[in-house]
Structure formats: structure tokens, C-alpha cells
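Let's take a walk through a protein model, from the overall layout down to single residues. Keep the 3D view open and follow along.

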Amino acid sequence: MLKARLLYQRVSPAMRHPPEALPTRSITMVNKFVKLQAFSAVIILGLLATSYFILPSGTIGAPSQLDGARENQKSPNAAAVDLDVDFLHYYLDSVFEQIETHARDPETEFGLDDTFFHIMTDDWSTVYGGDTDKYSFDNILTYFGLWSTYYAYLGEQELIETFKDAIVGSPLYTNFGSVNGSAFRWKMGQNGTNPVDTYHLVDNALSLFSLLRYCDTNSVAPANTTALNLYKYLSNVLWHPDDYFLGSNGTDPGEAMSYNNLLGALVLSMLARNKATIFSGSIKSQAENLAQRAFAAVNISGIFEQFGASQGVENNFRESRTIGDRSLKTNALGVAAFADFYLRSGRAAANKSALTLAENLCQVIWDHFYEPDMGTSGGFVDVLNGGDGSIKINQTSLEGNAYWLLALGRLFEASGNITYYEKAIEVYQQVVANLWDETNLGFIRSTGDLGTDSNKSVGENALFYLFLKEIDEAYWKTKLTFTTPMTELVVHAGSMVNFTWQYNMTFTSENNVDINQGIGKANVTMNLRYDSNGSFINAISNYTNVNGTCTFLYPLPEELPLGLYSIYAFANRTGFGTAYQVTYFSIVSNISVPSEIDPAIKIVQGESIPFNLTFTNERNNATYVICNGTGPELSMNAATFFLANNTETNANLTIAAGIDAPLGDQKFNLTLVNDSRVIFETQLDVEVLPAVSFEYLEFSRSIVAGVNGEMFIVLENARPTTQESVNITLRGADLQDVTQLISLQPKERVKVYVPLNYTGTHLTGTVTFDVNVSRYTQTIQSSTYTSNLARAIEIQGVSTSTGVVQGRSFYVNIRALNNVNITRQIDVSFKVNGQLVKLEANITLTPGENDLIVEVNPLTSNPWDVTTYELDVNITVGSETVFQDRLLVQSILSIESIIFAYVLPIVFPIAIILILLQRKKKRDMLR
């Protein structure tokens with residue numbers, strides 16, 4: 001007999017386990033920061049790009065074009081880019097790296113710390129010809145010229161002093177005492193032996209040249225002292241009593257050699273004009289005197305002469321009285337010396353003839369030293385024949401063209417004629433085309449009919465760069481300046497503005513003071529642009545006066561918009577460089593508004609907030625201000641405010657958000673108009689808040705067919721005076737569709753119940769459903785959720801004792817969960833070793849958890865059956881099996897079975913035998 005007892009029951013799962021609340025979903029408002037972009041430099045870049053296309057391509061025009069200014073002069077900024085950027089950042093970097101890597105001797109054992117070799121092979125790999133001697137020419141130009149200029153460009157002043165100390169501290173440098181100063185010897189062996197005690201003028205003059213350039217821009221006492229000692233040697237040892245320079249100590253050609261005297265005159269002229277205080281007045285006077293005497297020594301008949309009667313009056317320099325050949329570098333030095341003489345005089349009118357001689361000699365070089373078939377783009381040859389000016393040495397060399405660049409730079413500085421600067425650009429381009437080795441990165445020595453010397457001279461590469469920088473620095477002395485402090489120039493609309501410009505060239509005068517030479521009769525054009533959109537306003541022109549000053553009185557039209565304006569001014573005059581400058585000014589209104597407006601503006605959909613502004617009328621007459629504002633579904637009541645003269649006026653405005661205004665941070669454009677002119681406009685950050693806020697949603701994590709799950713949605717109406725309606729829809733496969741319309745009173749917060757009713761046939765797995773909460777046409781919340789499916793009846797566990805005493809009943813515990821809210825029946829059957837022993841039908845389960853204890857009859861009474869039995873439990877609900885399991889039950893002997901089945905059958909026979917034996921023993925004794 002099967003007996004079932006209901007031990008206890010519990011409430012339904014929905015009431016027992018409250019649903020977990022979903023995390024509150026909120027809309028995060030991210031403030032966007034609007035960056036004001038800086039003024040674009042498109043106009044300037046356009047100028048540079050335009051000037052690039054009119055840059056000379058390398059083909060030189062006819063020599064007669066040299067006189068006068070060319071039409072369509074190339075922009076100086078493009079030229080500056082060619083020299084400064086192109087050269088410094090490609091050619092110079094490459095040469096610098098090759099010399100540093102290959103030509104610098106790492107041997108420091110003999111006092112020649114990190115000195116440089118003389119000539120390297122074409123690929124910089126080895127010293128040319130096995131000549132490992134160290135020459136002063138290469139080292140002074142590399143240290144004082146290339147190295148110091150390169151590191152000055154990088155701002156490394158300490159390294160420059162280190163370089164100077166290295167070469168001055170080497171055995172190449174000799175100190176002869178306080179009278180004769182110091183000098184660099186010609187050369188010595190790599191290991192510090194075999195010094196050649198010859199001191200050339202070219203080595204020491206170029207060393208002084210480099211140091212003076214450095215001392216002009218850097219007040220470094222050690223460098224000035226070294227320059228002074230070099231000057232003492234030049235003036236006391238290498239100066240001949242007959243007023244000319246010796247080529248070196250101990251060698252006297254008996255006559256003035258043009259190259260030596262022109263180079264010495266040029267260098268001493270530079271010293272006379274140097275700013276350093278270490279060069280006292282007496283030294284400068286002496287230097288200027290020697291410079292004039294050295295120049296005069298070669299500026300006499302027999303050395304400075306014609307090529308011949310057929311050549312007209314084209315004066316030029318012979319090498320000496322006895323040597324009639326003309327070299328490019330000597331005549332280039334002549335141009336530089338003539339031009340420097342004119343500069344040294346402060347461009348005195350009495351010395352204008354020196355400038356004329358320099359220009360004529362420049363024309364001679366252009367006419368006779370230029371060979372159009374040289375190299376790939378024409379070039380200047382080194383030496384002409386002394387008799388008729390025909391080419392004698394038909395090659396173009398790096399050294400000769402370096403001096404030619406120096407000459408053009410000095411002539412440009414003396415005359416201010418941009419044509420000479422442009423010619424220098426062409427020479428520079430020819431040198432790059434003919435002598436630049438792109439494969440090995442460096443300038444070769446020469447090329448021409450005599451063959452090509454592809455070896456790399458360390459000193460000549462440095463010399464070329466040193467003289468090239470002379471031109472670049474001279475060019476940048478042409479300036480156009482604006483004399484009004486533009487950073488403070490703020491004007492009112494309709495006012496008159498005074499713009500003053502100064503067009504000049506900056507040079508060093510004879511008394512070592514920088515002077516501005518104003519350029520008169522120059523045309524200055526002023527272009528006005530509106531920076532907000534880059535639109536062109538107009539262009540006006542005027543001419544500079546005798547002092548180089550040009551003034552514009554410019555009325556600002558009333559219709560000009562407010563804001564930042566740029567002025568592009570261009571100044572030019574035939575024979576001088578074009579200069580330009582960009583400046584800015586602002587036009588402001590006479591009606592002032594707050595510069596900062598409180599950005600913390602928050603509006604609920606369908607609502608409005610007050611917004612206040614204060615205007616100040618600085619005019620002497622009344623006026624009006626019209627306020628407008630627009631944004632996405634945002635608006636402002638267009639209002640007009642009357643402003644009395646010289647008063648403050650408060651403007652009360654309203655910003656409203658539409659019923660479906662987009663949520664989050666929105667841009668609101670505020671515009672103020674006065675006299676048909678926009679006087680103020682800005683963008684305000686307005687945060688639009690939802691009219692109905694969705695706070696959170698919670699729902700049942702499990703759904704049972706036939707049982708309503710629970711969903712709760714919490715909503716709040718943020719509008720203070722207006723009722724709102726919200727539509728809630730729930731859709732899901734095998735779920736009952738739900739649609740609810742909820743009315744929310746002003747400021748009301750409600751919790752809405754939505755049923756989750758599963759209508760499908762599947763009893764396990766998951767069900768997915770969509771929930772949409774909408775207000776008018778706007779969706780407040782739309783999400784997809786998933787719940788687990790649960791059976792109506794779930795058997796949570798079946799258990800029994802593992803051992804059963806024979807002949808006694810045992811119990812099976814069944815834990816069942818009724819997931820529906822009504823009572824349900826189950827059927828339970830038991831089989832022992834496959835044989836049905838009992839079936840109990842229609843056991844009632846109340847809603848919730850049920851614990852059932854079922855009594856099962858004894859498995860067996862056979863005392864000798866102690867096996868393990870298989871107990872199969874099968875539970876069904878209707879026709880569906882909801883549980884099956886097999887339990888193992890051990891048959892346990894009872895005490896009675898042990899006594900009667902095992903003990904007594906053994907003890908009883910033994911007892912009988914013992915009794916019989918006892919009786920037999922007694923009988924035996926009685927006998």
C-alpha cells in the first residue's frame with residue numbers, strides 16, 4: 001500500500017523571489033567643446049607657391065638682361081625658401097653628415113683632436129691620393145664656416161665654442177706673441193709630425209672672415225680675441241712695406257697679387273665695420289687704412305685693365321702685373337671689394353663710383369666668364385686668357401663659384417638691387433646642376449672640358465656654404481614694417497583708421513650702428529580681407545615718401561561685418577627687393593554685449609525658460625537691437641529693443657523647446673542685429689531634457705506557460721503644468737501582445753504593471769521580447785529583453801535510504817515545484833528490478849514547493865537475500881514524463897533474521913551435540 005503525505009507547501013515562485021530591478025537607464029548628456037580654429041595662412045602659402053613657379057629654372061638669360069630690374073620679379077620669399085629651406089635641409093645636411101662621418105679623423109692622440117682631411121675620394125670613402133696631412137684651409141672653414149654656421153642655425157652656441165677651441169688648440173695654430181698675434185700654418189702630418197711652417201694669407205684671411213661673421217651676431221669674447229690675434233699676424237707679418245699683402249710668410253713675389261690683396265682688403269674692411277668692442281677705434285682705423293691701401297695696390301693701371309681695344313672699356317683684374325690671365329675667383333673678389341668699399345663709406349655719394357665699378361665688373365664676369373654649354377645648364381669658367389678674354393681653363397669649379405656667390409651677395413647688399421640676388425640664385429642652381437653628386441651626397445670639385453674632378457674637397461664644400469649664407473643674410477635685410485601696434489588696434493564700425501608702413505633696408509653703417517635706409521617712391525599696396533570667411537574687401541595703393549614711409553587713411557564702411565580683419569601689404573620698387581607683411585585688426589560695434597553668457601541652459605521638451613541680456617549703447621544717438629535665435633526644435637521670440645543713447649538696457653528674452661525637440665546638448669545660435677549689421681553672434685549650449693523620463697524597468701526572469709509574469713515600468717512627467725501621454729507596447733514570439741496608454745499628470749511619477757503571458761508550446765529555453773515606450777512620435781525607451789522558460793511542474797529531487805531492513809517498509813522523498821497558481825496532479829510509479837511494485841495516481845500538488853514522503857512496502861523477507869535492488873522512479877503529469885531516475889537500495893538483515901536464519905541454525909545443533917556428549921560422559925562415570 002502506497003501512502004502519501006503532504007509535509008508542507010510554499011507560496012508561488014513569483015511571490016517568493018521578488019523580480020530583480022533593471023539598472024536605471026539614463027541619458028548622459030555630453031558637452032561638446034567647440035574649438036576656435038586659428039586664422040589660416042592660405043594667402044601666404046599661395047604667395048610662396050606662386051613665387052615658386054616664377055623661380056629661375058637654371059637657364060641663364062642673355063647677359064644684357066643684367067642692367068635694370070626685370071619685369072615680373074621673383075618673390076623674395078620663394079628665393080629665401082630656395083636658399084634657406086632647400087639648401088639647409090637637404091644639401092647642407094647631406095654635406096654635414098658626409099664630412100662628419102668620413103672626413104673627420106677620429107685619431108686624437110697627437111693633439112689634432114677630430115680634425116679633417118683635405119681631399120676625399122668621390123664616394124667619401126678614403127683620403128684622396130693617400131694624402132693624410134691636415135690642412136688649415138679645410139679645418140678653419142669647416143670649424144669656423146660650416147660647423148659654426150650650422151650649429152648657430154640650430155642654436156647650439158656652446159658647441160660652436162667647443163669647435164673653435166679644438167682647432168685653435170691644435171698644432172696647426174701657432175701663437176707668435178702679443179705683437180705678431182697668431183696664425184694657422186699651412187699643414188702638418190696626420191700624426192702631428194712634419195709641420196710645414198708656412199702661413200698662407202688665404203688660410204688666415206678666410207679664418208678671420210669666418211670669425212668676424214660669427215662675432216657680428218654673437219658677443220663671444222674668446223672668438224673676438226682669436227680674430228684680433230689673426231688680424232695682428234695679417235697686418236704685421238703678411239703686410240709688405242710696399243703696401244701689398246704677401247701670399248705667405250717668407251715668400252715675396254715682388255709685386256702685388258690681385259687675389260691676395262683683394263681678399264685681405266675685403267676681410268680688413270669687415271673688421272673695420274665689426275661691432276665687437278675688442279676692436280678699438282685705433283685698430284679699426286688701422287684696418288680700414290690697410291684695406292684701402294691693399295685695394296689701391298691692385299686698382300692701378302697694369303692690373304685692373306681692359307681685355308683689349310676690341311673689348312671696349314670692360315675693366316677687370318689680372319692676376320698680377322706679370323700674369324695677364326683673369327680668374328673667376330679673383331675678379332669676383334674685385335666685385336666684393338668694390339661693393340664693400342662703397343658700404344664702408346656709408347654709401348656716400350662721393351664714393352658711388354666704387355659701386356659703379358663693382359656693377360661694371362659684375363657685367364664683365366657675366367659677359368665673358370659664362371659658358372652656356374657648360375655642364376647641364378651652363379656655368380661660369382675658372383680662367384680666361386689674358387690677351388683677348390677667351391676661355392683658357394674651361395671648367396666650372398666649386399671654389400670659383402663660391403667666390404662668385406660672395407660677389408653677388410655683397411653687390412646686392414651695396415646696391416639694394418634684387419637683380420643681383422636673383423642672379424645669385426641662378427648661379428647656385430647651376431652649381432647644384434653641375435657639381436652636386438646625388439649618389440654620394442656632396443659637391444664635387446669641378447667639371448668641364450678638362451675633365452671632371454669628382455673628388456670631394458672638405459674645405460671647398462664648407463666655403464661654398466659660407467658664401468651662400470652671405471647672400472641669404474643680405475637678402476633678409478630688406479624689410480617692410482608696420483608702425484601701429486596691431487595687437488591693440490580695435491576700432492568701431494564706420495570710423496577712420498590710420499595705417500602707416502615703413503619700407504626700408506637694414507645695413508651696418510661705417511660706425512658699426514645698424515641703420516634703416518628708407519626706400520622712397522616705392523609702391524605699397526594694401527589688401528583688406530575679412531578673416532571669418534577669407535573674402536576680399538578691396539585693395540588700395542600709395543607711394544612711400546623720401547623716408548620710406550607710407551600712410552593710408554582708410555574709412556571703414558558701415559556695412560562691413562564685425563570681426564577680425566587681415567591686411568596684406570606689399571612694397572616694391574624697381575631695383576629693390578619686394579617685401580610684404582600681414583597684420584590684423586578688429587572691428588567692433590558701438591553696442592556692447594556681455595562677452596560671456598552663462599552656458600548652463602536646461603529646457604524640458606515643450607517648455608521655455610527666460611533669458612536675459614544687457615546692452616550698452618555707446619553712441620550719442622538712440623538705436624535698436626533685434627534679437628533672434630534658432631536651433632533644432634528650439635526658438636526664441638524675435639524681439640526688438642529700443643536703446644537710448646549712452647544707457648544700459650535689459651533685454652528679457654525666452655528660449656523655447658519644441659514638443660519633440662531632440663534630447664541632449666543642442667546648439668542654439670543667438671544673433672543680435674543693429675542697423676542691419678550683425679553685431680554679435682554666438683552658439684549657446686542648450687541641454688534639452690525629456691518631458692517624460694524613463695526611470696527603470698524590472699521584469700520576471702522566468703516565465704511559465706499559463707502564468708502571468710510581471711513587468712514594471714517607472715515613468716515621470718517632468719512638465720510642471722501639462723499632462724503627458726505615454727504608449728507602452730510589448731511584443732514577443734509566443735507572448736501575448738500588450739499595448740497600454742498611460743496618462744501622466746503634471747509632475748506625476750507612476751509605476752506601470754505590464755503582464756508577461758507565455759502562449760507558446762515550448763516548456764524550456766528562453767523567450768525574447770521587445771518593449772517600446774513612446775511619447776507622441778518620440779521613443780523614450782526601446783529595448784529587447786530575454787526571460788527563461790520554466791515548466792509548470794518541476795521535480796527538484798527524489799531521494800531514499802541507501803539501505804532497507806528486510807521485512808520493513810521504507811520511504812521515498814519527492815520534492816516537487818508547482819509553478820502555476822492552481823493545484824496540479826502527478827502520477828508516481830515504482831519498479832524494483834524492472835517489476836512494477838506500486839503505482840500512485842493523482843497526487844495533488846499545491847502552488848509552490850511540495851515535499852512528499854511516499855511509503856514503500858518491504859522489498860523482501862528472504863533472510864538470505866542481501867543483494868542491492870534497483871528502484872526505478874517514474875513521475876508523470878498527464879501523458880508527459882517529467883521525471884525518471886534509478887535509485888540503488890541495499891537489503892539489510894534484521895536482528896530476527898540474523899538470529900533465526902543464521903545464529904540458531906548453527907548454535908542449536910552444537911548445543912544438542914554438547915548435551916549428548918555430556919550425557920555420555922555421565923554414563924561413563926557411573927559405570
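This is a predicted model: local features need pLDDT of at least 70, side-chain atom pairs count only at pLDDT 80 or more; totals for chains, interfaces and linings use all residues.

## The big picture

Residues are numbered from 1 along each chain as its sequence is written, and side-chain values use heavy atoms, with hydrogens and water left out.

Of the 927 residues in the protein, 50% are buried. Here, buried means under 20% relative accessible area, exposed means over 50%, and partly exposed is in between (1.4 Å probe, protein chains only). Now for contacts, meaning heavy atoms within 4.5 Å: among those with a separation of 6 or more, 65% are between residues 24 or more positions apart.

## Inside the cores

A nonpolar core is a set of buried Ala, Val, Leu, Ile, Met, Phe, Trp, Tyr and Cys residues joined through side-chain atoms within 4.5 Å. Which residues touch the most other members of the largest one? They are Tyr403, Trp404 and Phe443, in a core of 129 residues. Helix H12 gives this core its largest share, 11 residues. There is also a second, separate core of 52 residues, which includes Tyr530, Phe615, Met636 and Val688.

Leaving aside neighbours within four places in sequence, Trp404 is in contact with Leu328, Ala332, Cys362, Ile365, Trp366, Phe380 and Val427. Glu399 sits in H12 (residues 398–415), and at 18% relative accessibility it counts as buried. Not counting residues up to four places away in sequence, Glu399 touches Lys329, Glu460 and Leu463.

## Some helices up close

Helix H10 covers residues 328–344, so to speak a run of 17 residues, and reaches 24 Å from its first C-alpha to its last, close to the 24 Å expected at 1.5 Å a residue. The expected span is 1.5 Å times one less than the number of residues. Since 15 of its 17 residues are buried, H10 is largely enclosed by the rest of the structure. After H10 comes Gly346, with a positive phi near 75°.

Helix H9 (residues 281–298) has 18 residues, and its end C-alpha atoms are 26 Å apart, which agrees with the 26 Å it should span. Buried residues in H9 include Ile283, Lys284, Leu290 and Phe295. In helix H6 (residues 201–217) you'll find Leu208, which is buried at 0% relative accessibility. Leu208 and Leu228 are 20 residues apart along the chain, yet their C-alpha atoms are separated by 8.5 Å.

Trp124, with a phi of about 65°, is in the loop between strand E2 (119–120) and strand E3 (134–135). Its relative accessible area is 0%, so Trp124 is buried. Glu633, with a phi of about 60°, is in the loop between strand E33 (623–631) and strand E34 (634–636). Glu633 is partly exposed, at 47% relative accessibility.

## Charged pairs

Side chains of opposite charge can pair when their charged atoms come close. A salt bridge is a side-chain nitrogen of Lys or Arg within 4 Å of a carboxyl oxygen of Asp or Glu, and the whole structure has 25 of them. One joins Glu687 and Lys602, whose closest N and O atoms are 3.8 Å apart. Glu687 is in strand E38 (residues 677–689) and Lys602 in strand E31 (residues 601–604), so the pair ties together parts 85 residues apart in sequence.

Another salt bridge pairs Lys751 with Glu698, at 3.4 Å between the closest N and O atoms. Lys751 is in strand E44 (residues 749–757) and Glu698 in strand E39 (residues 692–699), 53 residues apart.

Technical notes:
Helices (H or I, at least four residues) and strands (E, at least two) are DSSP runs, numbered from the N terminus.
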